[in-house]
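Biologist: Before we discuss the fold, I would like each term to be set against its definition. Could you show me the model first?

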Amino acid sequence: MSKLLPHSRIYCAVDTPDLAQARALGQALRGSIGGLKLGLEFFGAQGRAGVEAMATLGLPIFLDLKLHDIPNTVASAVKALVPLGLRLMTIHAGGGSVMMKAAVEAAAEAAAKTGVERPRILGVTVLTSMDTGDLAEVGVHTQPRDQVLRLAALAEASGLDGVICSPHEITALRQARDPGFLLVVPGIRPAGAAVGDQKRVMTPREAVDLGADYLVIGRPITASPDPAGAARSIAQELDEQLDQELEV
């Protein structure tokens, strides 16, 4: 296990277009999570100004827009987003090595120019809502695990900092990729929580046991009557795991 405080592993997925609601949630979760993940739903409604407003809460921001276009367009988009002071951001690994390399170079250039820390760029491999049948529909006739491993190898070779993967690929990726290659894992559901539209899921404890660096958790926290309490409960589970490792 890498040396991260248990709560800092948790990025809460803020899946709402409402800025006031998002800020209230972020305020309530301060001190209980490692950061906020803002996706297309939020960005489509609030744009850059919304990201800037969320950043004032003092929590690291993971901007999950899954950029996928020709290399020049993705590079330009990355340059426009880096000044927001992001901790993590996503592009699609399926865009190919030229696109990914362009994104990495653009991020470094924009960070140096604006004086902010370069965000860690993560490659989206196979969405956790997809299974073998879904891949076959788009012409990928292989198991999700094999496609994830293929795209992760390409992402690392292209200079990305890590990938988004389901919990079920963690073990294989930890064996195949560099130890410092980040594994950011959605599809996390605490024991007893509803699976929803996710098809490849695992509990937080199981995912970190296998080697996940960061966990993306949405509805189990945001749909709880006590979001901060739900986040603390997850962190406590991971903290107990850490205590057991230290005793060994």
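Biologist: What makes strand 5 (residues 120-124) mostly covered?

Modeller: Four of the five residues in strand 5 are buried, where buried means under 20% relative accessible area, exposed over 50% and partly exposed in between, with a 1.4 Å probe and protein chains only. This is a predicted model, in which local features need pLDDT of at least 70 and side-chain atom pairs count only at pLDDT 80 or more, while totals for chains, interfaces and linings use all residues. Residues are numbered from 1 along each chain as its sequence is written, and side-chain values use heavy atoms, with hydrogens and water left out.

Biologist: Why is the crossover from strand 4 to strand 5 called right-handed?

Modeller: The chain passes from strand 4 through helix 4 (residues 97-114) to strand 5, and the term applies because, with the strands pointing away from the viewer, the path from the first strand over the helix to the second runs clockwise.

Biologist: What joins strand 5 to strand 6 (residues 162-164)?

Modeller: Three bridges join them in the parallel sense, with L122 opposite G162 and G123 partnered by V163.

Biologist: How do you know that both faces of strand 8 (residues 214-217) are covered?

Modeller: Y214 and V216 on one side are buried, as are L215 and I217 on the other. Strand 8 is joined by three bridges to strand 1 (residues 10-14), in parallel, where I10 has L215 as its bridge partner. Strand 8 also pairs in the parallel sense with strand 7 (residues 182-185) over two bridges, and V184 has Y214 as its partner there.

Biologist: What makes the sheet a barrel, and in which order do its strands come?

Modeller: Eight strands close into the barrel in the order 1-2-3-4-5-6-7-8, with parallel pairing.

Terms used. Two strands pair if DSSP finds at least two bridges between them.
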